[in-house]
Amino acid sequence: MYSHGSESLIKQAREIQEPELQKFYSRLVKLLQGKELGHETVDSLQRLHLILSATKYTRTLPSELRTRLLSLLSSPVEQLQVLSSAVLREMPPLSAEELNYIQENVGQLNSQTAALLLSKAGTRADLSSVCAQLLRGLDNRPSEAPAHSLMHTLPVLNTILTHSPECLTEDHITLLSKRLVDWLRYASIVQGGGASSGRFFTGPRSRQPVPIAELDGMVSGDFFTVLCVGQGFTEDQWMNVYSFSMLHHWLLTYHSVSNGNSTIETDDRSEVDGSVVSMVSATSSSSRLLPPKERLREKAFQYCQRLIEQSDRKAQKKTDTELQKACLVEAVCILDCVCVEDASLVFRTFPFIKALFGRLSADLSFARVLLPIAQFYLNHGEMAAVDCESVWKLVFGQFPAELFSDPFLAHELLRFLRLNLEKFQLGVPQYTHFFPNLLKFLAWDSPAVVDDFVDLLPSLVTPATAVELLHTLLDLPCLSATLILQLRSTCLPISEPGGRGLLSLDAFRNPSFRGLFLFMLRGEAGSGDTIDRLSTLHDLLAEAADWPRVVQCAQTIPVLLHIYFNTVVTVADEKLLAHLILVMLERSSILLNIPTYIKEIHRVFSCHLLRMCKLHPSLVVDQSHELLEFAGIPGNVYSKEELYTHVVWVLGEYLSVSCDSRCSVSLITSCFETLEAVLFEITSSGTPPGTVCPAPRVITTLMSALAKLASRSHDLIPRVSLFLSKLRTVTRGGSVAWCSDEEDLVAIVTRGEELWSLLKAPSVAQSVLTPSPHITTPQWHRDTNVAMPLQLRALTSLTHPQ
């Protein structure tokens, strides 16, 4: 893990003796007393940090050295700030005097001091004390608090608000809300940093204040915002930027504060200290009479409204265009937050939110801005009686169809859906209607978004979408390949005759196959569950079976199918479940040729076929014709072993009068003859070319199913007994063509002998092979009408003496 040299240094640091350590402390104190702190001081501080951090034992530094380290926190040299803060964090908790020293010098606050304060504040009381000192620094007049101190104060307060909002009292909230109002709305409107008027002869006396500008270069005629530009910025302009950056978080979380006793005495100097008020946009005196929280909401509203107006200006730099987008996202989120808090603002906000949507909706480069707008419509559209149809067509229609390859949009859109899932299910019917479009994100980048779809997929499963959704999930690897071809078709030239190219790409461009690919790329549900020429599509996409993106997509489908089936059994009736069984039997033969994918799909089908039939045994009688047709094909024994075994098992288990009164003797006989023919064929001939011997489990399942059916119709017992006796005779001669493993053959013969023995006593065979429900799921230990509970209690008292 460490190099030899590093391990040697760490070992020396751990093994240093106390006398040598004290000498080192004394030497370091002398170095820190000097007027100039050079490289030797830096090296010594680095060594001290290594000594303290290399051992698990806490070392105590001399008080004078601790004092010197505390004073370094305000050093103008950043390297000394970092080293002193790192050393102090390795020490035991600071004493009350040391904490007071730092807090009293909050005017010298920097990021290193802030980190130290937060790391050493071990209790809520400590954090509250830190907050009080920081806020007292904020309440100072501009001349009393250095600019760099204020700039570090807000991030520290934001951190405290994130991790422990209850440490802020109502007085803290009031004070900070007032200061945020000042910085947001009443920052200077002239450039800072000694901006020149542009004349040739300019000196300190001739320099005139230069007004701030807009992003398009025009002079700003309104109050300062984060979208104003200049050659330099004043302190309150920087605080305006800092305030805007934390405003959304502040509005979301300041409700968590405790309504404790007042801890800070403040005089209301808001809106007057050291700020230049724009005469163009001076607010009315009525807003000054609002409580601090309400006034902050009003100023936040005005600030965001101005940002939206500024975003319509043509920026001169590309980076400023990106800044406009980022500020729009934040502004709309803040407006949504203030409207949630104060519903009266909804009607004032919606006109320009609607105008903003109309301006941006035609440009998909603003997609990440349009998502917060969609959130605003979702939260407030009903109250404002606004038609949201165009919003959902854009979000669910155009975004996935055209921007499925944008990973950032995919993450944000899917997160947007997850956070508002209940609202979409209850009030936005377009959500489930556009599921083919949403699944494009999954088809394109399955590993990145599969966690999102684990949460979203259950909400897409409804009785109306269940069948089409199942087909779509099974065809998702085809959709993945189609999306790849769609992108490649726009950037790769059309291959010349005789040239080497992708056959699937040529097929994608071929008009005769266009309908197949368009169905894969459909955006909405309802155009059909699947297509007739699905096998043709699989042939066209055969070369895509080993494309990495397609393989990754195929690997996620089994997980999603489990979620799908677990959900569908809770929302579907028996008629729909019967239809799904047909789909499973049909689609088991029509899948993209990826061997591991096909095997996994068969395993999922087998698991949930069993579960459906267990929940609704009558499904076996309802779909007996299709199940028997599937079970009567010997080829399925070799190509669909897992699914075939379970189909045979459910036929033998649930084709009974006890499960469904419609089960007739003729149906049992028909099923028996079908399974008997298959079993006879696979045990009387060798395996087909290119296949392996059937699994022993298939043969034993067929034998068990025949025995179960015969126990319900005793006329069939002689036929089963005859087969089982022949099986024992055949296997006495040694190996057989249909079983290559001797141990497997012994297991098959043993199972046959057990069944033969049972069928000699038909009444016993029926009770063993088809037991009644009260036998298979006994509740004797809970039934107070039998002696079992009493016996259990008696045995418990004997085996566990008091």
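I take buried to mean under 20% relative accessible area. The model I consulted is a predicted one.

**Entry 1, helix 21.** I looked up the burial of the helix spanning residues 435-444. In helix 21, I found Phe 435, Pro 436, Asn 437, Leu 438, Leu 439, Lys 440, Phe 441, Leu 442, Ala 443 and Trp 444 to be buried.

I then turned to Trp 444, whose ring has the charged end of Arg 549 sitting over it, 3.9 Å from the ring centre. I noted a further case in Arg 185, the charged end of which sits over the ring of Tyr 186 at 5.6 Å from its centre.

My search of the whole structure returned 22 aromatic pairs. I examined Phe 396 and Phe 424, an edge-to-face pair with 5.5 Å between centres and 70° between the planes. Phe 396 belongs to helix 17 (residues 389-403) and Phe 424 to helix 19 (residues 421-427), so this pair ties together parts 28 residues apart in sequence. I found both Phe 396 and Phe 424 buried. Ring pairs also link these two with Trp 392, Phe 416, Tyr 431 and Phe 434 into a cluster.

I located Ser 504 in helix 25 (residues 503-509). Is Ser 504 buried or exposed? Its relative accessibility is 0%, so I counted Ser 504 as buried. Leaving aside residues up to four places away in sequence, I listed Leu 485, Phe 517, Leu 540, Leu 541, Glu 543 and Trp 547 as the residues that Ser 504 touches.

Note on methods:
Residues numbered from 1 in each chain as written. Predicted model: local features only at pLDDT ≥ 70, side-chain atom pairs only at ≥ 80, totals over all residues. Heavy atoms only, no water. Phe/Tyr/Trp six-rings, centres within 6.5 Å; stacked < 30°, edge-to-face > 60°. Helix = DSSP H or I, 4+ residues; strand = E, 2+ residues; numbered from the N terminus. Buried < 20%, exposed > 50% of the residue type's maximum accessible area, 1.4 Å probe, protein only. Lys NZ or Arg CZ within 6 Å of the ring centre and 35° of its normal. Contact = heavy atoms within 4.5 Å.
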